[in-house]
Amino acid sequence: MRVSATITLCALLFSISASAEERWILIAGTVNEFHTDARVFNPSFEKDIVVTARFLPTDTGNSGVITAPGTTFTVAKRSMHILNDVTSALFGTPALGAIQFDSPDPFEVTSRIYAQLPDGTLGQFGPGLPASAAKSKGAILQLKDNGNPGEVGTFRTNIGVLNPGNAESVVSWTLYDRNNAAVAAGTTTLPPYGTTRAERMSGVRWFQPVPPAGTDLSDAWVSFSATSPVLAYASVIDNGTTDQTFVPAVEDAGVAPSSPPSQPTTHTFDVTLQDFSITFSPGPGGIELGDTVRLRIRRLNGIHEFQMVGPDFATVVPNTNPGTATVERAFTVTQEGTYTYFCTVITCGVGHNVMTGFFVVGGEDPGAPGY
């Protein structure tokens with residue numbers, strides 16, 4: 001029974017979308033302090049129209065799970081139909097999900113998600129999108145994820161995706177940081193008419209593994225490709241006010257070169273601290289953007305500690321005291337330029353001033369690091 005019902009519903013939706021006006025609200029619901037209002041506009045000067053709405057709950061794991069035959073309502077000519085707390089108003093549920101609207105006649109839909117807080121919030125406006133807006137290849141730009149709820153002056157980003165078609169879609173994601181370096185990748189499988197919750201961009205929902213600690217997502221973007229077209233979007237949230245900004249996907253016309261670029265490499269170096277020198281074995285070279293540098297730091301004699309800074313003088317290896325053991329430290333290379341390392345114990349001896357060196361990522365390498 002379940003299989004036949006699923007096939008019937010998929011066939012029903014396919015026939016509707018092929019012959020009628022159709023719009024999707026990508027995410028709606030009433031959760032905690034968040035509410036979703038919708039408006040349906042009839043542009044006709046001459047006639048009332050009938051609109052049918054169907055609800056797709058998020059993350060059901062089942063294809064074609066939609067309320068059928070749907071909820072029907074009339075929108076008077078030249079009027080805007082008000083649907084506050086839209087999932088409760090139309091379907092008697094506060095649950096999260098996407099909504100498909102269709103009608104034999106032209107119409108438009110918009111939505112607003114907002115938080116009911118003592119000071120009020122503007123929230124986020126979202127368009128009603130046609131299935132024709134779905135993309136097999138796209139990008140979501142101008143994203144921020146540099147803080148957590150309550151941290152004034154920071155933002156976080158949620159991503160969501162809807163499959164408006166009657167075939168499974170496998171979506172591949174790539175996350176790029178502020179420096180346009182690819183820092184994470186993952187896949188999402190959506191059943192026919194499947195939809196997801198909007199969840200944190202930097203979380204395990206989208207990327208496995210998640211971006212490395214310290215990744216700069218203060219200005220980031222995401223690319224995706226899908227085996228069948230999807231409606232993907234992001235919501236950038238102000239952590240101080242909870243106000244959101246809806247970010248739709250744009251077309252991604254880029255074509256990968258025939259020879260794939262080299263993959264990030266992990267470079268491992270033994271670092272020895274001793275009076276008058278810091279030595280690397282092997283010598284630090286061949287390091288590129290996106291690579292991981294892994295250091296095995298040991299102290300041969302004296303009282304020495306180790307630190308490294310990047311081209312912008314930000315610390316990439318924190319102050320490390322290896323004591324009598326070997327201590328491992330690692331970081332991902334996110335900038336081209338000079339990386340400088342040095343002993344931090346200024347009282348280590350008369351050779352302290354020469355216990356420093358550098359290596360260069362990108363550009364011209366001036367030669368072996370100095371001591």
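## Salt bridges and their setting

K47 is partly exposed, because its relative accessibility is 39%, a value between the 20% and 50% cut-offs. The model in which this residue is placed is a predicted one.

K47 pairs with D105 in a salt bridge whose closest N and O atoms are 3.0 Å apart. K47 sits in the loop between strand 2 (34-42) and strand 3 (49-57), while D105 sits in the loop between strand 6 (97-103) and strand 7 (108-115), so this pair ties together parts 58 residues apart in sequence.

D102 forms a salt bridge with R54, and the closest N and O atoms are 2.6 Å apart. D102 belongs to strand 6 and R54 to strand 3, so the bridge ties together parts that are 48 residues apart in sequence. Both D102 and R54 are buried.

A further salt bridge brings together the side chains of K137 and D252, at 3.5 Å from N to O. This pair links distant parts of the chain, 115 residues apart: K137 is in strand 9 (residues 135-143), and D252 is in the loop between strand 16 (250-251) and strand 17 (266-274). K137 is partly exposed at a relative accessible area of 32%, and D252 is partly exposed as well, at 23%.

| Salt bridge | Closest N to O distance |
|---|---|
| K47 and D105 | 3.0 Å |
| D102 and R54 | 2.6 Å |

How many salt bridges does the structure hold? There are ten. Salt bridges with shared partners also join E21, R23 and E108 into one network. In general, side chains of opposite charge can pair when their charged atoms come close.

## The chain as a whole

The secondary structure consists of two helices and 24 strands. The chain has 371 residues, of which 44% count as buried; D102 and R54 are among the buried residues.

Which share of the contacts between residues at least 6 apart in sequence joins residues at least 24 apart? The share is 71%. The accessible surface of the chain comes to about 17700 Å², and carbon and sulfur atoms account for 55% of that area.

Definitions and conventions: Residues numbered from 1 in each chain as written. Predicted model: local features only at pLDDT ≥ 70, side-chain atom pairs only at ≥ 80, totals over all residues. Heavy atoms only, no water. Salt bridge = Lys/Arg side-chain N within 4 Å of Asp/Glu carboxyl O. Helix = DSSP H or I, 4+ residues; strand = E, 2+ residues; numbered from the N terminus. Buried < 20%, exposed > 50% of the residue type's maximum accessible area, 1.4 Å probe, protein only. Contact = heavy atoms within 4.5 Å. Areas by Shrake-Rupley, 256 points an atom, 1.4 Å probe, with all protein chains shown as cover.
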